[in-house]
Amino acid sequence: MSTAALKPRPTTEDDITAEVLRRFDNTQDPRLKQIMQSLVTHVHAFLKDVQLQEHEWWKGIDFLTKTGHMCDDKRQEFILLSDTLGISMVTDLISNRKPAGATESTVFGPFHRAGAPEKEYGADIVAKDNAGTMAYCFGRVLDMNGKPIAGAALDVWQAAADGLYDVQDTTLENMNMRGIFHTDKDGRYLVKTTRPVPYQIPFDGPVGQMLTATNRHPWRPAHVHFVVSAPGYQKVTTHVFDSIDKYLDGDAVFGVKNSLIAEFKMHDTKDDIARQFGAEPPFVTCEFDFVLAPE
Ligand code: BEZ
Ligand code: FE
């Protein structure tokens, strides 16, 4: 056949990009169309920018395949990948903008579990003894005008003193270091726990290999997780970080915000707080008020 009879076809890299974008032109859902065309635009730009070689493409496919194989109901390697690339935090910042004065959100992470036990005011979330320093986290849940919100729910979870979540350690009781609390009539909450410790995110998989290959560490600064919610208010997914932690400036998943850093105060003697909480020294306390924006 003479070449004169052939239709022009995409031949260059840029032709292919334009043709792929065109194939999404008929997408019914406008948001899906926007996302797919933008994704193609940026991924193709990346390929051209780094001049990706075929063996590197294979390495990427292998990496993503291993990431998928690592996932099950207890391990979410894709969330870890998103977290360590800062994707989770950028998405959080875009989708959870709060008015000034409301408690800021941070990364959800892969260790939340639905169905944590309901706990009374002041109850202990340590289902199995661990070697940690006893800690009391307390404060109020407030609206934007400083008015206490009674009956707000606080879903709390935390790593144990050895830096492991219950799902990572089969020797720990199910639902260890987890509980759902509610504020009292004055908007107050009180959680008995152990002082949070810095810990390493799981790095025995592809994400760990990526961190090692790029000379990055897997540490997160000590924190307690909270999801705070109340009818009529925006839910906030957040952490409270220990102000003396050495990893505050290098969180492996970029989750630290200044407004979420709080002091864990040491109590060595039977002081007023010890009497109020019925606590035996030594223990630490952390006071933190959550402020919810209206829905
Ligand atoms: C966490 O805080 O539980 C967490 C967040 C991101 C990655 C790994 C763990
Ligand atoms: Fe955590």
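**View 1. The surface of the chain in this predicted model.** The chain exposes about 16600 Å², and carbon and sulfur atoms supply 55% of that area. Accessible areas come from the Shrake-Rupley method with a 1.4 Å probe; for residues, only the protein chains shown count as cover. Buried residues make up 41% of the 295 residues. Buried means under 20% relative accessible area, exposed over 50%, and partly exposed in between (1.4 Å probe, protein chains only). Local features need pLDDT of at least 70, side-chain atom pairs count only at pLDDT 80 or more, and totals for chains, interfaces and linings use all residues. Residues are numbered from 1 along each chain as its sequence is written, chains are lettered from A and ligands numbered from 1 in the order in which they are written, and side-chain values use heavy atoms, with hydrogens and water left out.

**View 2. The overall dimensions of the chain.** Along the principal axes, the C-alpha atoms fill a box of roughly 95 × 40 × 30 Å. The radius of gyration is 24 Å, while a compact globule of 295 residues would have one near 19 Å. That radius is taken over C-alpha atoms; the globule rule is 2.2 Å times the number of residues to the power 0.38.

View 3. The chain has 7 helices and 12 strands. Helices (H or I, at least four residues) and strands (E, at least two) are DSSP runs, numbered from the N terminus. Two strands pair if DSSP finds at least two bridges between them. Strand 2 (residues 153–157) and strand 3 run antiparallel, joined by 5 bridges. V156 has G179 of strand 3 as its bridge partner.

**View 4. The cis peptide bond between P281 and P282.** Omega is about 0° here. P282 lies in the loop between helix 7 (272–277) and strand 11 (283–287).

**View 5. Q51, with a positive phi.** Q51 is not a glycine, yet phi is about 50°. Its loop runs between helix 2 (30–50) and helix 3 (54–69).

**View 6. F254, with a positive phi.** F254 is not a glycine either, and phi is about 65°. F254 sits in the loop between strand 8 (236–242) and strand 9 (261–262). F254 is partly exposed, with a relative accessible area of 44%.
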